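Please look over the notes below alongside the model.

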Amino acid sequence: MGAAFGTFGELLQGVLPEEDGDFLVTLPVARWTMATFRQELHPEAGVDAGSGDVVVRPARKTKALQLARTICELAERQTGVRSGGTLHVNSVIPEGKGLASSSADLVATARAVGQALRVEMPPARIERLLADIEPTDGVLYPAIVAFHHRTVRLRGILGSLPVMAVVGIDEGGSVDTVDFNRIPKPFTLADRHEYARLLDRLACAVRRRDLAEVGRVATRSARMNQLLRHKWSLEPMREICREVGGLGVAVAHSGTTLGILLDTRDPSYTQRVSAAARACGELAGGVTVYRTLSFPGGAGIAHRPV
(Lines give C-alpha, C1' and ligand atoms only; values in the text may rest on other atoms or scores of the structure.)
Protein backbone atom coordinates (compact mmCIF):
# COMPACT_ATOMS: atom_id res chain seq x y z
CA MET A 1 0.00 0.00 0.00
CA GLY A 2 1.04 3.56 -0.59
CA ALA A 3 -0.45 6.96 0.25
CA ALA A 4 0.07 10.58 -0.77
CA PHE A 5 -1.59 13.85 0.24
CA GLY A 6 -3.03 16.49 -2.06
CA THR A 7 -2.61 20.25 -2.02
CA PHE A 8 -4.87 23.26 -2.14
CA GLY A 9 -3.35 24.75 -5.23
CA GLU A 10 -0.13 26.49 -4.38
CA LEU A 11 1.09 29.20 -2.05
CA LEU A 12 3.18 30.55 -4.90
CA GLN A 13 3.67 29.63 -8.55
CA GLY A 14 5.45 31.39 -11.37
CA VAL A 15 8.70 31.60 -13.31
CA LEU A 16 12.13 32.56 -11.96
CA PRO A 17 14.77 34.50 -13.96
CA GLU A 18 16.77 31.39 -14.86
CA GLU A 19 16.66 28.51 -17.31
CA ASP A 20 13.78 26.09 -16.58
CA GLY A 21 12.59 28.56 -13.97
CA ASP A 22 8.97 27.37 -13.71
CA PHE A 23 8.31 26.56 -10.05
CA LEU A 24 5.66 26.27 -7.38
CA VAL A 25 5.45 26.12 -3.60
CA THR A 26 3.16 23.43 -2.23
CA LEU A 27 0.30 23.86 0.23
CA PRO A 28 -0.34 20.33 1.59
CA VAL A 29 -3.87 19.56 2.79
CA ALA A 30 -5.51 16.62 4.53
CA ARG A 31 -6.93 14.99 1.42
CA TRP A 32 -5.43 11.68 0.35
CA THR A 33 -4.93 9.10 -2.34
CA MET A 34 -4.43 5.49 -1.25
CA ALA A 35 -3.05 2.92 -3.71
CA THR A 36 -3.00 -0.84 -3.24
CA PHE A 37 -1.07 -3.22 -5.50
CA ARG A 38 -1.61 -6.98 -5.37
CA GLN A 39 0.67 -9.28 -7.34
CA GLU A 40 -0.98 -11.99 -9.40
CA LEU A 41 -0.49 -15.46 -7.97
CA HIS A 42 -0.64 -18.80 -9.74
CA PRO A 43 -4.03 -20.29 -8.83
CA GLU A 44 -2.56 -23.66 -7.85
CA ALA A 45 1.06 -23.32 -6.85
CA GLY A 46 0.67 -19.96 -5.10
CA VAL A 47 3.71 -18.46 -6.81
CA ASP A 48 4.12 -15.43 -9.02
CA ALA A 49 2.29 -16.00 -12.27
CA GLY A 50 4.81 -13.91 -14.13
CA SER A 51 2.24 -12.74 -16.66
CA GLY A 52 3.59 -9.19 -16.63
CA ASP A 53 0.07 -7.83 -17.03
CA VAL A 54 -1.05 -4.91 -14.88
CA VAL A 55 -4.66 -3.83 -14.42
CA VAL A 56 -5.78 -0.61 -12.75
CA ARG A 57 -9.06 0.17 -11.00
CA PRO A 58 -10.72 2.48 -11.79
CA ALA A 59 -9.73 2.09 -15.44
CA ARG A 60 -9.52 5.86 -16.05
CA LYS A 61 -6.34 6.05 -13.93
CA THR A 62 -4.20 5.51 -17.02
CA LYS A 63 -1.20 7.50 -15.77
CA ALA A 64 -1.04 5.36 -12.64
CA LEU A 65 -1.22 2.28 -14.88
CA GLN A 66 1.70 3.55 -16.98
CA LEU A 67 3.78 4.13 -13.86
CA ALA A 68 2.92 0.74 -12.36
CA ARG A 69 4.02 -1.02 -15.55
CA THR A 70 7.30 0.91 -15.56
CA ILE A 71 8.05 -0.15 -11.98
CA CYS A 72 7.20 -3.75 -12.86
CA GLU A 73 9.77 -3.53 -15.64
CA LEU A 74 12.34 -2.21 -13.15
CA ALA A 75 11.61 -5.15 -10.87
CA GLU A 76 12.00 -7.57 -13.75
CA ARG A 77 15.42 -6.16 -14.59
CA GLN A 78 16.46 -6.59 -10.96
CA THR A 79 15.09 -10.09 -10.42
CA GLY A 80 14.65 -11.60 -13.87
CA VAL A 81 11.02 -12.39 -13.01
CA ARG A 82 8.12 -10.67 -14.74
CA SER A 83 5.60 -9.16 -12.35
CA GLY A 84 1.94 -8.41 -12.83
CA GLY A 85 -0.98 -7.54 -10.64
CA THR A 86 -3.93 -5.30 -9.92
CA LEU A 87 -3.59 -1.70 -8.83
CA HIS A 88 -6.46 -0.07 -6.94
CA VAL A 89 -6.33 3.73 -6.66
CA ASN A 90 -8.75 5.31 -4.18
CA SER A 91 -8.77 9.07 -3.77
CA VAL A 92 -10.84 11.75 -2.05
CA ILE A 93 -9.04 14.53 -3.94
CA PRO A 94 -11.23 16.19 -6.61
CA GLU A 95 -9.82 15.72 -10.12
CA GLY A 96 -9.01 18.47 -12.59
CA LYS A 97 -9.27 21.24 -9.99
CA GLY A 98 -5.60 21.99 -9.35
CA LEU A 99 -5.46 20.05 -6.06
CA ALA A 100 -2.63 17.71 -7.10
CA SER A 101 -4.93 14.71 -7.56
CA SER A 102 -2.87 13.26 -10.40
CA SER A 103 0.43 13.80 -8.57
CA ALA A 104 -0.97 12.14 -5.45
CA ASP A 105 -2.20 9.19 -7.54
CA LEU A 106 1.26 8.72 -9.04
CA VAL A 107 3.22 9.07 -5.80
CA ALA A 108 0.89 6.68 -3.98
CA THR A 109 1.18 4.23 -6.88
CA ALA A 110 4.99 4.38 -6.87
CA ARG A 111 5.07 3.68 -3.16
CA ALA A 112 2.56 0.82 -3.33
CA VAL A 113 4.05 -0.99 -6.34
CA GLY A 114 7.60 -0.42 -5.14
CA GLN A 115 6.80 -1.87 -1.74
CA ALA A 116 5.02 -4.90 -3.22
CA LEU A 117 7.88 -5.70 -5.62
CA ARG A 118 10.68 -4.71 -3.21
CA VAL A 119 11.91 -1.92 -5.44
CA GLU A 120 13.26 0.99 -3.40
CA MET A 121 11.40 4.24 -4.09
CA PRO A 122 13.38 7.15 -2.68
CA PRO A 123 12.15 10.61 -3.73
CA ALA A 124 14.83 11.05 -6.41
CA ARG A 125 13.77 7.84 -8.16
CA ILE A 126 10.09 8.79 -8.00
CA GLU A 127 10.94 12.16 -9.53
CA ARG A 128 12.74 10.50 -12.44
CA LEU A 129 9.82 8.15 -13.05
CA LEU A 130 7.22 10.90 -12.91
CA ALA A 131 9.21 13.18 -15.22
CA ASP A 132 8.46 10.77 -18.06
CA ILE A 133 4.71 11.05 -17.45
CA GLU A 134 3.64 14.62 -16.68
CA PRO A 135 4.43 17.84 -14.79
CA THR A 136 4.16 17.01 -11.10
CA ASP A 137 3.65 18.65 -7.72
CA GLY A 138 6.09 18.07 -4.87
CA VAL A 139 3.68 15.94 -2.85
CA LEU A 140 6.26 13.20 -2.29
CA TYR A 141 7.93 15.37 0.37
CA PRO A 142 6.32 15.69 3.84
CA ALA A 143 6.87 19.43 4.01
CA ILE A 144 6.17 22.69 2.23
CA VAL A 145 8.59 22.64 -0.69
CA ALA A 146 9.65 24.73 -3.65
CA PHE A 147 9.42 22.44 -6.64
CA HIS A 148 10.18 22.68 -10.35
CA HIS A 149 7.00 21.00 -11.54
CA ARG A 150 7.76 20.98 -15.27
CA THR A 151 11.15 19.31 -14.90
CA VAL A 152 10.01 17.37 -11.79
CA ARG A 153 12.83 18.22 -9.40
CA LEU A 154 13.05 19.58 -5.88
CA ARG A 155 14.35 23.11 -5.51
CA GLY A 156 14.25 23.37 -1.75
CA ILE A 157 12.47 22.33 1.42
CA LEU A 158 10.94 25.32 3.18
CA GLY A 159 9.63 23.52 6.25
CA SER A 160 6.26 23.41 7.99
CA LEU A 161 3.57 25.80 9.21
CA PRO A 162 0.87 25.72 11.88
CA VAL A 163 -2.42 24.27 10.66
CA MET A 164 -4.57 26.65 8.63
CA ALA A 165 -8.11 26.29 7.34
CA VAL A 166 -8.84 26.98 3.69
CA VAL A 167 -12.42 28.01 2.94
CA GLY A 168 -12.54 26.99 -0.69
CA ILE A 169 -14.79 27.49 -3.70
CA ASP A 170 -14.71 26.00 -7.18
CA GLU A 171 -15.36 28.12 -10.26
CA GLY A 172 -16.33 24.98 -12.17
CA GLY A 173 -14.93 23.02 -15.07
CA SER A 174 -11.60 21.24 -15.06
CA VAL A 175 -8.02 21.80 -16.23
CA ASP A 176 -5.69 19.29 -17.85
CA THR A 177 -2.27 19.77 -16.25
CA VAL A 178 -0.30 18.63 -19.31
CA ASP A 179 -2.20 20.95 -21.67
CA PHE A 180 -1.96 23.86 -19.24
CA ASN A 181 1.82 23.58 -18.98
CA ARG A 182 2.14 23.90 -22.76
CA ILE A 183 0.73 27.44 -22.58
CA PRO A 184 3.46 30.09 -23.05
CA LYS A 185 3.95 32.09 -19.86
CA PRO A 186 3.17 35.82 -20.32
CA PHE A 187 5.52 36.94 -17.53
CA THR A 188 8.11 39.64 -18.19
CA LEU A 189 11.66 39.70 -16.85
CA ALA A 190 10.43 42.11 -14.16
CA ASP A 191 7.74 39.59 -13.23
CA ARG A 192 10.34 36.84 -12.98
CA HIS A 193 12.45 38.92 -10.62
CA GLU A 194 9.36 39.61 -8.53
CA TYR A 195 8.69 35.87 -8.31
CA ALA A 196 12.24 35.43 -7.02
CA ARG A 197 11.61 38.04 -4.32
CA LEU A 198 8.29 36.41 -3.42
CA LEU A 199 10.00 33.04 -3.07
CA ASP A 200 12.58 34.55 -0.72
CA ARG A 201 9.83 36.22 1.31
CA LEU A 202 7.86 32.99 1.53
CA ALA A 203 10.89 30.93 2.55
CA CYS A 204 11.59 33.40 5.37
CA ALA A 205 7.93 33.45 6.39
CA VAL A 206 7.79 29.66 6.67
CA ARG A 207 10.96 29.63 8.77
CA ARG A 208 9.44 32.27 11.08
CA ARG A 209 6.02 30.55 10.97
CA ASP A 210 4.62 33.94 9.97
CA LEU A 211 1.16 33.12 8.64
CA ALA A 212 0.29 36.75 7.90
CA GLU A 213 3.25 37.06 5.52
CA VAL A 214 2.41 33.67 3.98
CA GLY A 215 -1.07 35.01 3.25
CA ARG A 216 0.29 38.17 1.67
CA VAL A 217 2.61 36.24 -0.64
CA ALA A 218 -0.16 33.81 -1.60
CA THR A 219 -2.49 36.68 -2.46
CA ARG A 220 0.13 38.43 -4.57
CA SER A 221 0.85 35.21 -6.46
CA ALA A 222 -2.88 34.75 -7.10
CA ARG A 223 -3.14 38.26 -8.53
CA MET A 224 -0.09 37.83 -10.77
CA ASN A 225 -1.51 34.56 -12.09
CA GLN A 226 -4.55 36.39 -13.47
CA LEU A 227 -2.50 37.04 -16.63
CA LEU A 228 -2.18 33.31 -17.19
CA ARG A 229 -5.45 31.86 -15.89
CA HIS A 230 -8.00 34.48 -14.93
CA LYS A 231 -10.39 33.75 -12.05
CA TRP A 232 -13.54 35.84 -12.00
CA SER A 233 -14.01 35.35 -8.26
CA LEU A 234 -10.56 36.44 -7.09
CA GLU A 235 -11.43 40.04 -6.25
CA PRO A 236 -14.70 39.10 -4.47
CA MET A 237 -12.76 36.48 -2.52
CA ARG A 238 -10.18 39.07 -1.53
CA GLU A 239 -12.97 41.31 -0.29
CA ILE A 240 -14.47 38.47 1.77
CA CYS A 241 -11.00 37.75 3.16
CA ARG A 242 -10.67 41.36 4.30
CA GLU A 243 -14.15 41.35 5.85
CA VAL A 244 -13.58 38.19 7.91
CA GLY A 245 -9.98 38.97 8.87
CA GLY A 246 -8.41 36.18 6.85
CA LEU A 247 -4.71 35.78 6.16
CA GLY A 248 -4.97 35.90 2.37
CA VAL A 249 -6.26 34.07 -0.69
CA ALA A 250 -4.61 30.97 -2.15
CA VAL A 251 -5.48 29.65 -5.59
CA ALA A 252 -4.93 26.63 -7.75
CA HIS A 253 -2.83 28.45 -10.32
CA SER A 254 -3.45 25.78 -12.94
CA GLY A 255 -6.91 24.84 -11.65
CA THR A 256 -10.37 26.11 -10.79
CA THR A 257 -10.31 26.55 -7.01
CA LEU A 258 -9.69 29.50 -4.68
CA GLY A 259 -9.65 29.64 -0.90
CA ILE A 260 -9.41 32.00 2.03
CA LEU A 261 -6.63 31.15 4.49
CA LEU A 262 -7.46 31.29 8.20
CA ASP A 263 -5.33 30.71 11.30
CA THR A 264 -6.96 27.89 13.29
CA ARG A 265 -5.19 29.09 16.47
CA ASP A 266 -6.96 32.46 16.34
CA PRO A 267 -9.37 32.83 19.30
CA SER A 268 -11.95 34.14 16.81
CA TYR A 269 -11.38 31.28 14.37
CA THR A 270 -14.86 29.74 14.74
CA GLN A 271 -16.57 33.03 13.99
CA ARG A 272 -14.21 33.82 11.11
CA VAL A 273 -14.56 30.44 9.39
CA SER A 274 -18.36 30.54 9.73
CA ALA A 275 -18.53 34.05 8.27
CA ALA A 276 -16.18 33.13 5.44
CA ALA A 277 -18.17 29.99 4.58
CA ARG A 278 -21.46 31.96 4.49
CA ALA A 279 -20.04 34.67 2.26
CA CYS A 280 -18.29 32.21 -0.06
CA GLY A 281 -21.49 30.19 -0.33
CA GLU A 282 -23.39 33.29 -1.43
CA LEU A 283 -20.67 34.01 -3.99
CA ALA A 284 -20.21 30.58 -5.55
CA GLY A 285 -22.99 28.33 -4.26
CA GLY A 286 -20.76 25.65 -2.78
CA VAL A 287 -18.03 25.70 -0.15
CA THR A 288 -15.52 23.14 1.09
CA VAL A 289 -13.33 23.73 4.14
CA TYR A 290 -9.88 22.12 3.96
CA ARG A 291 -7.23 21.85 6.66
CA THR A 292 -3.58 22.20 5.84
CA LEU A 293 -1.06 19.64 7.01
CA SER A 294 1.60 20.46 9.57
CA PHE A 295 4.75 18.39 9.86
CA PRO A 296 6.12 18.61 13.41
CA GLY A 297 9.88 18.57 13.68
CA GLY A 298 10.29 19.19 9.96
CA ALA A 299 9.32 15.56 9.31
CA GLY A 300 12.97 14.61 9.68
CA ILE A 301 13.95 16.27 6.42
CA ALA A 302 16.89 18.61 6.33
CA HIS A 303 16.07 22.04 4.93
CA ARG A 304 17.58 22.92 1.59
CA PRO A 305 18.10 26.43 0.25
CA VAL A 306 15.69 27.82 -2.34
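1. Phe5 is buried, with a relative accessibility of 6%; buried means under 20% relative accessible area, with a 1.4 Å probe and protein chains only. Phe295 is buried as well, at 12%. The model is predicted, so local features need pLDDT of at least 70 and side-chain atom pairs pLDDT 80 or more, while totals for chains, interfaces and linings use all residues. Residues are numbered from 1 along each chain as its sequence is written, and side-chain values use heavy atoms, without hydrogens or water.

2. The structure has 6 aromatic pairs, meaning Phe, Tyr or Trp rings (the six-membered one for Trp) with centres within 6.5 Å; planes under 30 degrees apart are stacked, over 60 edge-to-face, the rest tilted. Phe5 and Phe295 have ring centres 5.8 Å apart and planes at 45°, so this pair is tilted. Phe5 lies in strand E1 (residues 2-15) and Phe295 in the segment after strand E10 (288-291), 290 residues apart. Strands are DSSP runs of E, at least two residues, numbered from the N terminus. Ring pairs join Phe5, Trp32 and Phe295 into a cluster.

3. Phe187 and Tyr195 make an edge-to-face pair, 5.1 Å between centres and 75° between planes. Phe187 is buried at 8% relative accessible area, and Tyr195 is buried at 0%.

4. For the protein as a whole, 53% of the 306 residues count as buried. The C-alpha trace spans about 70 × 40 × 40 Å along its principal axes. Of contacts (heavy atoms within 4.5 Å) between residues at least 6 apart in sequence, 73% join residues at least 24 apart.

Note on methods. Helices (H or I, at least four residues) and strands (E, at least two) are DSSP runs, numbered from the N terminus. Buried means under 20% relative accessible area, exposed over 50%, partly exposed in between (1.4 Å probe, protein chains only).
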